[in-house]
Amino acid sequence: MDVLESRAARRALDTWQTVGTNVEVRAADVVIRDGTIVPNDRDPSHYAQVDSYGRIVREMVDLGWDMARKCRDDAHTVAGAVKNSRVRVVSPIVNFIIAQQAGTPSTNLTSWALDEMNAIPDQQLMSRLLSRAPRAAGAWSRSAIFMRPFHATTPAFSRHYEHNPAKAPARQIENRIRTAVDTPVELRSSDQHGWAEIRIPNSYSQLLDNVWYAGFYATPGVALAKGQSFPRLEIMIPHPTREDGDLPDTLADHRERLMTALATTGLSVSQDHNMFGGAGVIDFVPSILQRAHEIVSGFARDMKLRAGEYLDRLLSREIGERRRQNVRVRPWKPEELQAWKARMTGRQDDRDEPPRLIGRR
């Protein structure tokens with residue numbers, strides 16, 4: 001699913017024509033994805049696997065680096081809306097400030113359970129603080145922005161804090177490749193076979209060297225009820241990740257571009273998106289994601305109906321219309337499925353009107 005969404009997001013960054021028409025759709029200035037924009041599987045060992053899953057991971061990483069280049073070279077902004085966020089970056093800072101003020105004349109708080117409150121994810125705390133912040137009518141509020149380089153999002157390199165360019169995460173990847181290439185084929189370990197086929201540089205090392213992810217929370221001033229929350233917003237920022245380098249100077253441009261897009265489209269309430277929360281919990285998502293979800297759900301219902309009709313037609317040919325009412329369905333054995341496939345394939349030429357497969361013309 002991450003690869004499919006990445007393909008769609010990447011396609012939206014180029015001009016393209018709608019299917020069956022000559023209508024040209026301009027490249028999007030802002031693309032908002034459903035979920036995080038960080039590749040879901042970013043473990044380096046999976047990136048080097050030689051099986052089909054490794055190919056999926058490599059395509060996912062390739063698409064991520066390709067979108068980062070588009071953002072860098074053509075002034076696009078790629079963002080994501082994370083509905084179920086468990087990140088704890090901002091909440092410990094807020095809790096520390098509150099704990100320092102507790103017991104002083106500036107507040108009515110006599111104490112603050114710092115350890116317990118640090119267990120609250122950013123999403124829960126910031127959603128409530130921002131929804132109750134004073135603001136002018138129609139104005140949006142947002143939290144501070146926290147930056148994470150790509151290597152900080154994967155456990156393999158999340159603790160890299162050495163001021164040594166030779167030990168940077170991307171250099172470690174390149175050393176793995178060189179070691180694998182220099183090792184005789186018969187002596188290579190299972191992961192070295194994959195690393196030996198990867199070039200230098202590659203999309204994974206490029207993400208390590210050149211991509212940040214900026215996260216923050218924003219609200220149009222909606223008061224939240226119990227269980228409601230706003231998504232964590234993420235922006236892809238192409239910029240060198242050297243530890244002695246400067247922070248990205250293009251961050252403000254991407255931030256303003258995304259905030260303008262959100263103010264234009266707004267936020268919507270979505271119950272369907274809540275996959276892991278408790279019953280009755282409502283999430284706010286960007287309106288464009290809610291509309292996309294409704295359109296895709298409509299296509300899914302239509303495809304399910306057509307697939308059912310197609311299977312019903314095949315079933316009626318096999319057992320006859322009169323006996324169909326008394327059919328008891330059980331899972332087919334592998335040999336039964338193979339025999340049915342061979343039979344249907346052999347009869348394909350004898351049909352006056354072969355049934356049309358879903359998605360084909």
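Predicted model: local features only at pLDDT ≥ 70, side-chain atom pairs only at ≥ 80, totals over all residues.

## What covers helix H4

The residues of H4 that are buried are Val-90, Ser-91, Val-94 and Asn-95. Viewed down the axis of H4, these buried residues fall within an arc of 125°, so they line one face of the helix.

An α-helix has 3.6 residues a turn, so residues three or four places apart point the same way.

## The helix itself

H4 runs over residues 90–101, which makes twelve residues. From its first C-alpha to its last, H4 reaches 17 Å, close to the 16 Å expected at 1.5 Å a residue. Just after H4 comes Gly-103, which takes a positive phi of about 85°.

## The largest cavity

The largest cavity has a volume of about 50 Å³. Its lining is made up of Asp-2, Ser-6, Arg-33, Ile-37, Val-38, Pro-39, Met-60, Gly-64 and Met-67. Two elements give two or more residues to this lining, namely helix H1 (2–12) and helix H3 (52–74). H3 provides the largest share, three residues.

What classes of residue are found in the lining of the largest cavity? Five are nonpolar, two are polar and two are charged.

## The second largest cavity

The second largest cavity holds about 30 Å³ of space. Around this cavity you will find Trp-140, Ala-218, Phe-230, Pro-231, Leu-233, Leu-262 and Leu-267. By class, the lining of the second largest cavity has seven nonpolar residues, with no polar and no charged ones. The lining of the largest cavity, by contrast, includes two polar and two charged residues.

## The chain as a whole

Stepping back, the chain contains twelve helices and eleven strands. How much of the chain is buried? Of its 361 residues, 37% are buried, and Val-90, Ser-91, Val-94 and Asn-95 of H4 are among the buried ones.

Contacts across the sequence complete the picture. Among contacts in the chain with a separation of 6 or more, 67% are between residues 24 or more positions apart.

Notes:
Residues numbered from 1 in each chain as written. Heavy atoms only, no water. Helix = DSSP H or I, 4+ residues; strand = E, 2+ residues; numbered from the N terminus. Expected span 1.5 Å × (residues − 1). Buried < 20%, exposed > 50% of the residue type's maximum accessible area, 1.4 Å probe, protein only. Arc of directions from axis to C-beta. 1 Å grid on protein atoms, 1.4 Å probe; cavity = no way out; pocket = protein on both sides within 12 Å on 5 of 7 lines; lining within 4 Å. Points joined across faces, edges and corners; volume = space filled by probe spheres on them. Nonpolar A, V, L, I, M, F, W, Y, C, P; charged D, E, K, R; others polar. Contact = heavy atoms within 4.5 Å.
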